[in-house]
Amino acid sequence: MRRFLIIILTFIGMVLGAVGQEAEYVVADGVRYRLEARDGDYTALVAGFSGPPISTTVPESVTYNDVDYMVVGTVSNLLKGGMFEIQSIVFPETMTSIGSGCFWGCKIEGLMKLPNSLKEIGMCSFTNISGPGELILPESIDEIPWLTFTGMNVKLVIPSGIKHFAGHSMMSLGVIPDYDFRNGRYFGAGSFKQSALEEVAFSDGVTFGKGAFSSSKSLYKIDLPEEYTVSEGGAFTGCVNLMRVTSLAPQPPTTVDLETGQPTEGLVINVQVPDGCVLYVPQGCKSAYSKSPAWSNFKIIREIDPAGIEDVEEDAASSGRYEVWNMAGYKVADKPTRQEAVAGLPSGIYILRTDAKTEKIIL
């Protein structure tokens, strides 16, 4: 019994000792690494940089005591809160993950292109990033995690392969990303809340979580496909400057409980739309939409031929009037010609609408 107890205590001591051991760190060419050795695998995580400003190329491996450690990721909170200035970081194609909170609050001055070997981006890893630079995401990922790019204000390139945006993943996005939203299949709750988006179009099969694009006050145009699902509570609450919404669904959709799939009461475009906002629906569907409680906030509903949407976009009605709306949602001009409509208006951004076209203009 005593011998057994000694064995157990010895084992516990070994475990506690292992837990208490500090990780091995090494610095090479201005980059600090945390080294890990497990079951014959020798890997390294980027744990810091010399600077600021930071301008470096991270190698595929770092050598320590004649052993090569492959660089596979970064530690969590790598530069969080440090307001570091990043001129350029080139990561190796061996990297598979970026730790949570990694670049929180940093300023990107140049180009940061993430490697195509990347499989995982940690939560909040690019929160509150700013600067005149550019961040290019890799083709290797298909999902943006929760809160990852919240408050980001730097040019962002999102590849077409990204289909899933988790809740609040792009909230308060201060730029219009280089991304075709028709590639997206799921936009989680608040995923693009308070974003700088101005117009969005989607493809069949898309699902919107509650408030996915809510309070995006620059958003003036939404093109919805034939088949889409909107969560209970709506996805566009607080988008007060909408001027044009298109829904190609032949039957007016309702909101649904995403967990049960059951219809719920409430507005699909859950906002008090401006007086001049137009809802475009397929030919023969105006009556159904006008009678649907889920679309009752639209006072102007017009029918279009879905096959001719592009023509509708491009052809302004020569016999119609020209209405100009400011970004606060107020109509500031209503004239028979474009020249008369914009004459005398203060410099700024406006929405110009005719019978068949809505566009943003800058004076």
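Colleague: How many residues lie between β5 and β6 in their hairpin, and which residue in the turn has a positive phi?
Modeller: Bear in mind that this is a predicted model. The hairpin of β5 and β6 has 2 residues between the strands, and N65 in the turn has a positive phi of about 55°.

Colleague: And D66, where does that sit, and what is its phi near?
Modeller: D66 is placed in the loop between β5 and β6, and its phi, near 65°, is a positive value in a residue other than glycine. Most residues other than glycine have a negative phi.

Colleague: Is D66 buried or exposed?
Modeller: D66 counts as exposed, because its relative accessibility is 79%.

Colleague: Which sense does β6 take with β3, parallel or antiparallel?
Modeller: Strand β6, residues 67-74, pairs with β3 in the parallel sense, again with 4 bridges, and here L45 stands opposite G73 in β6.

Colleague: Let's zoom out. What does the secondary structure of the chain come to?
Modeller: The chain has 4 helices and 29 strands.

Colleague: What share of the contacts comes from residues 24 or more positions apart?
Modeller: Among contacts in the chain with a separation of 6 or more, residues 24 or more positions apart account for 39%.

Colleague: On to the sheets, then. What is the strand order in the open sheet of 5 strands?
Modeller: The order is β17-β19-β21-β24-β25, and the pairing is parallel. At the edges stand β17 (199-201) and β25 (300-304), each of which has a single partner strand, so one side of each is left without a neighbour in the sheet. Direction ignored, neighbouring strands of this sheet are turned by 15° against each other on average.

Colleague: How many bridges join β24 and β25?
Modeller: Strand β24, residues 278-282, pairs with β25 in the parallel sense over 5 bridges, and Y280 stands opposite R302 in β25.

Colleague: Which strands make up the open sheet of 7 strands?
Modeller: That sheet runs in the order β13-β15-β16-β18-β20-β22-β23, and its pairing is mixed. Its edge strands are β13 (143-144) and β23 (263-264), each pairing on one side only. Within the sheet, β16 (residues 186-187) and β18 (residues 206-208) pair in the parallel sense over 2 bridges, and F187 stands opposite F208 in β18.

Colleague: Does F208 turn up again in the packing, or rather, which residues have the most contacts inside the largest nonpolar core?
Modeller: They are F103, F202, F208 and F213, in a core of 82 residues. Strand β3 (residues 41-49) gives the most to this core, with 5 residues.

Colleague: What is F213 in contact with, leaving aside its neighbours within four places in sequence?
Modeller: The partners of F213 include the phenylalanines F181, F187, F192, F202, F208 and F236, and also among them are K193, L197, V200, A235 and C239. Apart from that, a second, separate core of 8 residues includes V324, A341, L345 and L352.

Colleague: Where does S215 lie, and how accessible is it?
Modeller: S215 lies in the loop between β18 and β19 (221-224), and its phi is positive, about 60°, although it is not a glycine. With a relative accessible area of 28%, S215 is partly exposed, since the partly exposed class lies between under 20% for buried and over 50% for exposed.

Colleague: Last topic, cysteines. How many disulfides does the count come to?
Modeller: The count comes to 0 disulfides. C106 is in no disulfide, and the nearest cysteine sulfur, that of C102, is 7.9 Å away, whereas a disulfide would need the two sulfur atoms within 2.5 Å.

Colleague: Are C106 and C277 buried or exposed?
Modeller: C106 is buried, with a relative accessible area of 0%, and C277 also counts as buried, because its relative accessibility is 2%.

Methods
Residues numbered from 1 in each chain as written. Predicted model: local features only at pLDDT ≥ 70, side-chain atom pairs only at ≥ 80, totals over all residues. Heavy atoms only, no water. Contact = heavy atoms within 4.5 Å. Pairing = 2+ DSSP bridges. Axes fitted to C-alpha atoms, helices over the stretch in contact; angles between N-to-C directions. Core = buried A, V, L, I, M, F, W, Y, C linked by side-chain atoms within 4.5 Å. Buried < 20%, exposed > 50% of the residue type's maximum accessible area, 1.4 Å probe, protein only.
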